[in-house]
Amino acid sequence: MEILMAVVIGILFMCATYLMLSKSILRIIIGTGLLSHGAHLLILTMGGLKRGAVPLLGEHADSYVDPLPQALILTAIVISFGVTSYFLVLAYRTYQELGTDNMDLLRGNESNE
Amino acid sequence: MSLLHWAILSPFLLAIIIPLMYKYAKRVHTGWFVLWLPLVLFIYFISKVTKISNGTTIRETVQWIPSLNINFDVVIDGLSLLFALLITGIGSLVVLYSIFYLSKKKEKLHNFYVYLLLFMGAMLGVVLSDNLIVLYTFWEFTSLSSFLLIGYWYHRERSRYGAQKSMLITVFGGLSMLGGIVLLYVMGGTFSIRELIAQAGTLINHDLFIAAAILILLGAFTKSAQFPFHIWLPDAMEAPTPVSAYLHSATMVKAGLYLVARLSPLFAAEGIWLWLVAGIGLLTLVWGSFSAIRQTDLKGILAFSTVSQLGLIMSLLGLGAAALHYPIDDNIYIATTVAAVFHLINHATFKGSLFMVVGIVDHETGTRDIRKLGGLMSLMPITFTIAVIGAFSMAGLPPFNGFLSKEMFFTGMLSVLTLDIFNFETWGVLFPVFAWIASVFTFTYSMIIVFKTFTGKLQPEKLEKKPHEAPVGMLISPIILAVLVVVFGLFPNLLTDSIILPAASAILGDAMPADYHIHISMWHGFQPELFMTIGVVLLGIILYKTWPKWKVVYKPFTEKWSFNSLYNNGLKYMEYGSNKLAVNTMTGSIRNYLLYIFFFLIVSLGFTLFWKDAFSISLDNTAPIGFYELVLAVIISIGAISILFVKSRLTSIIVLGSVGYTVSLFFVLFRAPDLALTQLVIETVSTALFLLCFYHLPENFRKEERIRFKLTNFMISLGVGVVVTLIALSASSTKLFDSISQYYVDTTYTEAGGQNMVNVILVDYRGLDTMFEITVLGLAALGIYGMIKLRLTKQGGKKANENK
């Protein structure tokens, strides 16, 4: 199972990278979204998969899955949501002010500040 | 702090007060407040002469940074004393001369004297320090003050160019020297020159020895304007003439000579040192004297002549170091070292006077161009006399001191023929030949200086001022120097016992017998040297007379093929190249930067993975693949890949949402209910935000198109994916230790009173994480609010109204 997940995570990273290298801001942000999905799944996979019951003591199981990676991912999800929403509003404002979403046109140089 | 330390620091202290003097005593020329200090110092150093000539050395020390072995150690021996006397003696004369040279009304005198005092103190520090780091500190101070003095008339472009050039070249050398000093410390464990020399026998076998020698020589050669680093000196002639006389002929350019002489006992055992010092010195001598003839500016001639004379002394020092290889009493190479010291003194006297003469000519006629000058002999008789004495001494004519040192120079060069170490027998024969040719050129340009300026026809229409004799005050210093030239010429043994021999024995150390004595005399019989001098004079006169006819030999040496253009183009292309590099790499396109980052990530991680042989894959201890997981894995992969191919951005947003929901289904399958809940909610909100953003896309940019395929992008993304997969596989296959989570499982209820382990970890065990995660969300919310509400534009908020 871990091997399959590693391949899936690799695919998510690959697509995320390809999107981040594209021109449109929206696609870059979609890329970061995919990247964070990949990272979250990676943490979960590295903690080991399916080694016991849901981490609730009420289950009265012999063994539980590792609760620590889940706590880490929960934090990471919330933070990446905060950052993504900030980026999205930034992109939205960029469209409004500059009228473009093409990264090639959004270049600064010394002649136009 | 001893008196000696105060002597070194006194110029710096005086430099602090001088601006006040300039401001509050405007009636008196500021130079008068400066003049007493070098005089007092000169007398102070004179008082040490008897003690030093008896063979004692004076050493004083003050702790500076004892933990790093850096202390302000000051040692006076023969060599240091000679330099200290030159610095303070010529310093006094130059200050006196500058009082009459620089106008009280027009010039910023406080700047001038502050820089000059700074230089004087630094130079004293260089020659008196025993600690190499302290020496280096003062060394860079001389570079800095020289830079300031060359750029004294900073409104002139040539001054700024010359100052920058000398700064770049001497600081390059200074930094190399620092490298050499550090290497010496690595080898010998001390910065003290004396202690290093005491270890010379063991250091020579060290691997770093040759590197240290070459680095230190780079420092000495750049400072002393040796070939091919001589190019800064002619451009430094933009400085006021007193500065040229002081720094660029008598003192600073001799700092390199001092360093070579000082470190000779340490390095002379190495053949490379001898070859480089003697060879480069000789090359500089020939090239400098050859180039001097073609100059038309008097200071230009003197600059190249300084270059060539410094080369002469350098080559004598190189050959003199051979004395350390022949431990016999009647050692001819000791005489070579003595000649170097003697010529060092002589050069300071006659070159100082010549510069002052040129300054007078410039001051009284308004030009230094020999094509405009001529016939000044009857108008300026005293200046003419001084010029004759200086130039004839430089040319090596009797009865002046230059004649004596030139004879000794020939003796030294002829002695190369008997040298049988380091393969000197093969090419050594070139030394006397080159030396003789260079002397012929020296004779020729010396004649040009005197006769083109003072004889011939007066051309009053080309001169800016009506020429007349200089004021008395301006003549005092050159007269004193010219008198010294004659006195040293007629009574050459005046200084041998008191100054020259102690200096030579300081250079040679143990190789010099204690009872060594030399008698310099004007007449030494019909030796080969005498016939060489006669040849020099004859050929020199012929060359001078026929000068217009053989000018053509300089044709191939055009400006295009000079070292100057090498330097200029070097600077130009360095700037051009770095600019090009910056423009090519820093394109301003985010895609390029991401490409660099990802490429480096792939290469470094991939390389490390295989270099350390870290990749491993193991199938044991993995969970079995269930049907649902397989289906979800296929869905999520298809979803992710299809984002790359869909045309519409709307579709890609929806597909991203589907990927997010699949992730939350994965969380369900992998037994993480809290994660699944959070993921579900957050994915919904994010998708809504994406849609909002999409909705606000400007109409004309809404044209939907697929991502254009780029091979580089694809390769990089593939690389990132593969590397991440490999690392994930290796990490999950090698478990080094068990998880600490058993503790949480055991204590969640007993310690924290909860049953949901994830939530207890979040708010109880690791509550700090949660607090700052809340902070992040709060900041994001505030930031978003600010971005939407706060609309200050360049027009001061006007645009904000339009947008409402």
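B:Asp769 is partly exposed, at a relative accessible area of 28%, where partly exposed lies between buried (under 20%) and exposed (over 50%), judged with a 1.4 Å probe and protein chains only. B:Asp769 pairs with B:Arg766 in a salt bridge whose closest N and O atoms are 3.0 Å apart; the term denotes a side-chain nitrogen of Lys or Arg within 4 Å of a carboxyl oxygen of Asp or Glu. B:Arg766 is likewise partly exposed, at 34% relative accessibility. Elsewhere, B:Asp77, B:Asp130, B:Arg194 and B:Arg262 are joined into one network by salt bridges that share partners. Over all chains, the count of salt bridges is nine. The structure is a predicted model, in which local features need pLDDT of at least 70 and side-chain atom pairs count only at pLDDT 80 or more, while totals for chains, interfaces and linings use all residues. Residues are numbered from 1 along each chain as its sequence is written, chains are lettered from A and ligands numbered from 1 in the order written, and side-chain values use heavy atoms, without hydrogens or water.

Helices here are DSSP runs of H or I, at least four residues long, and strands are runs of E, at least two, numbered from the N terminus. B:Arg368 also meets B:Asp362 in a salt bridge (3.6 Å, N to O). B:Asp362 and B:Arg368 are both buried, whereas B:Asp297 is partly exposed at 24%.

B:Lys465 lies in the loop between helix H20 (430–454) and helix H21 (472–490) of chain B and is partly exposed at 42%.

Turning to the records, an unreviewed UniProt entry places "transmembrane region" at residues 6–21, 28–49 and 69–92 of chain A. Residues 6–21 are 94% helix and 0% strand, with end C-alpha atoms 23 Å apart; for residues 69–92 of chain A the values are 100%, 0% and 34 Å.

Conventions: UniProt positions renumbered as here; feature names shortened; annotations may be inferred.
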